[in-house]
Amino acid sequence: MPKTSATTRAKDGKLPPVAVDPAILEAEDRRWTPLKIAIWIAIALLGGLSWVMLAVIRGETVNAIWFVFAAVCTYFIGYRFYSKYIEKHLLKPDDSRATPAEYKADGKDYAATDRRVLYGHHFAAIAGAGPLVGPVLAAQMGYLPGTIWIIVGVVLAGAVQDYLVMFFSMRRGGRSLGQMARDELGRVGGTAAIIATLTIMVIIVAILALVVVNALAESPWGVFSVAMTIPIALFMGCYLRFFRPGKVTEVSIIGFVLLLAAIIGGGAVAETDWGVALFTIDKLPLAIGIIVYGFIAAVLPVWLLLAPRDYLSTFMKIGTILMLALAIIIVRPEIFAPAVSEFATSGTGPVVSGTLFPFLFVTIACGALSGFHALIASGTTPKLIEKERQTRFIGYGGMLMESFVAIMALVAALSIDRGIYFAMNASAAATGGTIEGAVAFVNGLGLQGVNLTPDMLAQTANDVGEESIVSRTGGAPTLAVGLAHIMQQVIGGSGLMAFWYHFAIMFEALFILTAVDAGTRVARFMLQDSIGNVIPKFKNTSWRVGAWISTAIMVAAWGAILVMGVTDPLGGINTLFPLFGIANQLLAAIALAVCMAIIAKRGYFRYLWIVAVPLAFAAVVTISASFLKIFSPVPAIGYFAQNAAFRQALADGETSFGTAPTVEAMNAVVRNTMVQGILSILFVTLAIIVIVAAVLATIRAARRGSSESSEDAAVPSKVFAPAGLIPTPAERELQAQWDALPKTPRAGGH
Amino acid sequence: MGVVEVARGIRWYVRGVMGEDAYEKYLAHVAGEHGDGAVVMTEREFWRDRTDRQDANPQGRCC
């Protein structure tokens, strides 16, 4: 029997140790049995072979299964070796310390949750529409750059960020990123971090809403089925409130069946004349509809709309992602796209402008490195963690799963014909929104192996039950076509393609509407808190008038950007999406900067590079992307260059310029580019302030030499639970001792 | 592992991820920490309190 009692501080006599002796853990880690060695060699070889198939062997096509193997094997190696390295040298979790879920336990917000359950929970909270959209847009640069960034980026940056933020927040009683920034970076850095978070939230909500508008415009089927989610959620909310409180799974299954009915019903409605007349809505009215909806949803009580839709979206998310993973493994689609396309170097891609560096790294944010996760990884999840050592599995491992979702989205987007891909993702300004225009535009790009015909576009539109698929920008429709294409090969054949397409649209719209609603609420509270410093009454968040005014301000802020996006003569997504990625990566830089300051104050300078490297990379990418957006003389890239070009044209008395057909449209471009440019300046300035504050805090800590800590005081733990998915032999041994205890309420951690 | 155990495991996991076991966890907590004397919410009160707390303390969803 292993000696497991050495480290326990819980000497209440009868209780077994609350942690496995670190020496035993270390020994277990170092015991390399032949079987273990063989397994890791096999993983390494399979991963290496997959990377060779993707990167070196350039055949006509590449099979999607290599993406899956390359990703999964790299994740395993990153998780087993790199995250353990970080755990051992940088974080040093101590299972004899109680987590906030234990020492602050209230049975509500602070409640120890089984690690496997919390993994699912945390994954559902971090994964949304982002990892499904970015990779689709980045597919224009070929499959390889996006694949490398998603997989390598997550192992060295994204998962590291999530893990560190979660751990540090847990050591601070579940404090939020904003609070940690204030504690670690002082007043200026902290304030800049909070303003940055608020503005970033606004831009992210606006662009997510733009994705939904682009997916639903001119689509009576989509509008009907997505609109039906509102009455379905209201019904679920009332069911839970008045009829069967707490029957969450039951109501989610009912909601899911209703959702399927709404999708099928949407197909029937879209066939009728009244359905087409009623639900074919242009982009602008649809945007206004979402703005009105956003306001109402954010002031309604949570139980009525947000909570039930959250359940529905969790249910759909986990189910659909498992289904897609299985389908990709079963179908193993062939991918015809080149490894690296001409747009990676020319920067003239029609989907998003700019060269691979830095724009690939801002187009794909979620899935590789997502700053937004820092808001979830601090706050909610740390209050539910049972034992300190579980943060590696939940924080680092949870992000690996999101990265895998991004890889699947990339595969789905790449599995459709490249000509169709560009016809769908080039802006209406380029294609004219017509089949003929799209065919002429795409074939005019001079891409090798692309020969688009009008028939292909008409046939695909017909297959997915849409009037047209030309210029359906934003990523969601492309992903939906890809998903439908893969799923119909498993279930239903081409007859079910329209169903799968609208299923995918619904699936994404559901996440986005929840994100819009929740984002508006969070932003409203942050705004009230800020206004409250001037007008104290605003601090009281239950004061109705203040809540309504603040909500209206936040909705107006993202609504204005949304309207700007849908009416933009330049296309919308292609001008605004870089701002989304930059905002998200800047938040990541802020989160990493806060982590760096914390690590420096702990005195771990030898391993500071673990966070300094991803921070430096995120900073270089976002700052250079921002500078290009601000200073580039190329109008397609620089906001102010575009602005100057259009102003010049107006001054010359021209009545149309570039893709703007009228003086009014030219004025709109002048206005939009000015706003976008100013936002870029704001973001990059705030990020630089935060990073400088963090570097100064780090240097100060280095000079002082001594470590200071803003951690909560250590409280001895009185419970035990294993750390990883599968318990080690020593953990199993200890678990057996705990299980053998007589069942009294006090002994129960679970 | 028999079919019953697997089904039970799946049910436990789904309930956990969806948060359906929140009230049971609350009851276990109340029984362990406060013992007698403390006011214990009924199931209906608990779920109302839960969404009310979300109203007062919103959490972002990820993009």
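How many helices and strands does chain A have? Chain A has 29 helices and 2 strands, where helices (H or I, at least four residues) and strands (E, at least two) are DSSP runs numbered from the N terminus. The model is predicted: local features need pLDDT of at least 70, side-chain atom pairs count only at pLDDT 80 or more, and totals for chains, interfaces and linings use all residues. Residues are numbered from 1 along each chain as its sequence is written, while chains are lettered from A and ligands numbered from 1 in the order in which they are written.

**Figure 1. Overall dimensions of chain A.** Taken along the principal axes, the C-alpha atoms of chain A fill a box of roughly 85 × 60 × 55 Å. Of the 750 residues of chain A, 57% count as buried. A residue is buried if 20 or more other C-beta atoms lie within 10 Å of its own, exposed if 12 or fewer, and partly exposed in between, with C-beta atoms placed from the backbone. Among contacts in chain A between residues at least 6 apart in sequence, 80% join residues at least 24 apart; two residues are in contact if their C-beta atoms, placed from the backbone, lie within 7 Å.

**Figure 2. The crossing of helix 22 and helix 23 of chain A.** The axes of helix 22 (residues 476-490) and helix 23 (residues 497-532) of chain A come within 8 Å and cross at roughly 135°. Axes are lines fitted to C-alpha atoms, for helices over the stretch in contact, and angles run from 0 to 180 degrees between N-to-C directions. Helix 22 of chain A is therefore oblique to helix 23 of chain A; angles under 35 degrees count as roughly parallel, over 145 as roughly antiparallel, 65 to 115 as roughly perpendicular and the rest as oblique. The crossing of helix 22 of chain A past helix 23 of chain A is right-handed. A crossing is left-handed if the near helix is turned anticlockwise from the far one by less than a right angle, and right-handed if clockwise. Residues of helix 22 of chain A including A:L479, A:L483 and A:M487 meet residues of helix 23 of chain A including A:W500, A:Y501 and A:I505. By class, this contact of helix 22 with helix 23 of chain A has 12 nonpolar, 1 polar and 1 charged residues. Ala, Val, Leu, Ile, Met, Phe, Trp, Tyr, Cys and Pro count as nonpolar, Asp, Glu, Lys and Arg as charged, and the others, Gly among them, as polar.

**Figure 3. The crossing of helix 5 and helix 17 of chain A.** Helix 5 (residues 115-126) and helix 17 (residues 391-414) of chain A have axes that come within 9 Å and cross at roughly 50°. That angle makes helix 5 of chain A oblique to helix 17 of chain A, and the crossing is right-handed. In helix 5 of chain A, A:R115, A:L118, A:Y119, A:H122, A:F123 and A:I126 meet A:F393, A:I394, A:G397, A:G398, A:M401 and A:E402 in helix 17 of chain A. The residues of this contact divide into 7 nonpolar, 3 polar and 2 charged.

**Figure 4. Backbone geometry in chain A.** Most residues other than glycine have a negative phi, and most peptide bonds are trans. A cis peptide bond joins A:F357 and A:P358, with omega about 0°; A:P358 belongs to helix 15 (residues 356-363) of chain A. A:K92, in the loop between helix 3 (64-91) and helix 4 (100-103) of chain A, has a positive phi near 45°. A:R332, in the loop between helix 13 (306-331) and strand 2 (334-335) of chain A, has a positive phi of about 45°. A:K92 counts as partly exposed because it has 13 C-beta neighbours inside 10 Å; A:R332, with 16, also counts as partly exposed.

**Figure 5. Chain B and its contact with chain A.** Chain B follows the pattern α-α-α along the sequence. In total, 32 residues of chain B are in contact with 50 residues of chain A. Helix 1 (3-18), helix 2 (22-33) and helix 3 (43-56) of chain B each supply at least two residues of the side that touches chain A. That side of chain B has 14 nonpolar, 8 polar and 10 charged residues. Within helix 3 of chain B lies B:D55, which, leaving aside its neighbours within four places in sequence, is in contact with A:P301 and A:V302.
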